[in-house]
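This note sets out points on one protein chain for a reader who is new to such models. Please keep the sequence and the structure in view while reading.

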Amino acid sequence: MKIKVLYFARYRELLGLDGERLDGEFAVLDDVRQTLVAKGGHYALLAEQNLMCARNEELCRLDEPLEDGDEVAFFPPVTGG
C-alpha cells in the first residue's frame with residue numbers, strides 16, 4: 001500500500017518536510033503514525049495525544065481505515081487564546 005503523508009505547522013518546521021510517501025501495510029491511520037514515530041528523532045512529536053489528522057482532506061480520527069493511494073495529514077493540537 002502506498003500512502004502520501006503531509007505535515008503541517010510545527011510538525012513541518014521540525015521535520016523539515018512538507019510530506020513524504022510511505023509503502024507498507026496500514027489498516028488504519030494510526031498504523032501510519034506508529035510507523036513514523038518508530039523512526040525516532042523529531043518524528044516522536046507525532047506521538048502527541050491530541051494531534052489532529054485528516055484522510056483525503058477530511059478531518060478524522062486515528063482509527064480511520066485507509067486504502068491504497070490515500071493522503072493523510074498530521075497537524076499539531078490547536079489551542080485558542
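1. Basis of the note. The model is predicted: local features need pLDDT of at least 70 and side-chain atom pairs count only at pLDDT 80 or more, while totals for chains, interfaces and linings use all residues. Residues are numbered from 1 along each chain as its sequence is written, and side-chain values use heavy atoms, with hydrogens and water left out.

2. Overall layout. The chain has 2 helices and 5 strands, in the order β-α-β-α-β-β-β from the N terminus on. Here helices (H or I, at least four residues) and strands (E, at least two) are DSSP runs, numbered from the N terminus. The radius of gyration, 12 Å, is close to the 12 Å that the globule rule gives for 81 residues, so the chain is as compact as a globular protein of that length. This radius is taken over C-alpha atoms, and the rule is 2.2 Å times the number of residues to the power 0.38. Along the principal axes, the C-alpha atoms fill a box of roughly 40 × 25 × 20 Å.

3. Rings of Phe, Tyr and Trp (its six-membered ring) pair if their centres lie within 6.5 Å; planes under 30 degrees apart count as stacked, over 60 as edge-to-face and the rest as tilted. The ring centres of Y7 and Y43 are 6.5 Å apart and the planes stand at 70 degrees, so this pair is edge-to-face. The pair links distant parts of the chain, with Y7 in strand β1 (residues 2-7) and Y43 in the loop between α2 (29-37) and β3 (52-55), 36 residues apart. Y7 is buried, because its relative accessibility is 0%; Y43, at 13%, also counts as buried. The term buried means under 20% relative accessible area, exposed means over 50%, and partly exposed lies in between (1.4 Å probe, protein chains only).

4. The phenylalanine pair. The rings of F8 and F75 have centres 4.9 Å apart and planes at 10 degrees, so they are stacked. This pair also links distant parts of the chain: F8 is in the loop between β1 and α1 (10-15), F75 is in strand β5 (residues 71-75), and 67 residues separate them. F8 is partly exposed at 27% relative accessible area, and F75 is partly exposed at 24%.

5. M52 and its contacts. M52 lies in strand β3 and is partly exposed, with a relative accessible area of 30%. Which residues does M52 contact, leaving aside its neighbours within four places in sequence? They are L59, A73, F74, F75, P76 and V78, where contact means heavy atoms within 4.5 Å.

6. Two positive phi angles. N56 has a phi near 50 degrees, a positive value in a residue other than glycine, and E57 has a positive phi near 70 degrees. N56 is found in the loop between β3 and β4 (58-60), and E57 lies in the loop between β3 and β4 as well. N56 is partly exposed at 35% relative accessibility, whereas E57 is exposed at 71%.

7. Burial across the chain. Buried residues make up 32% of the 81 residues.
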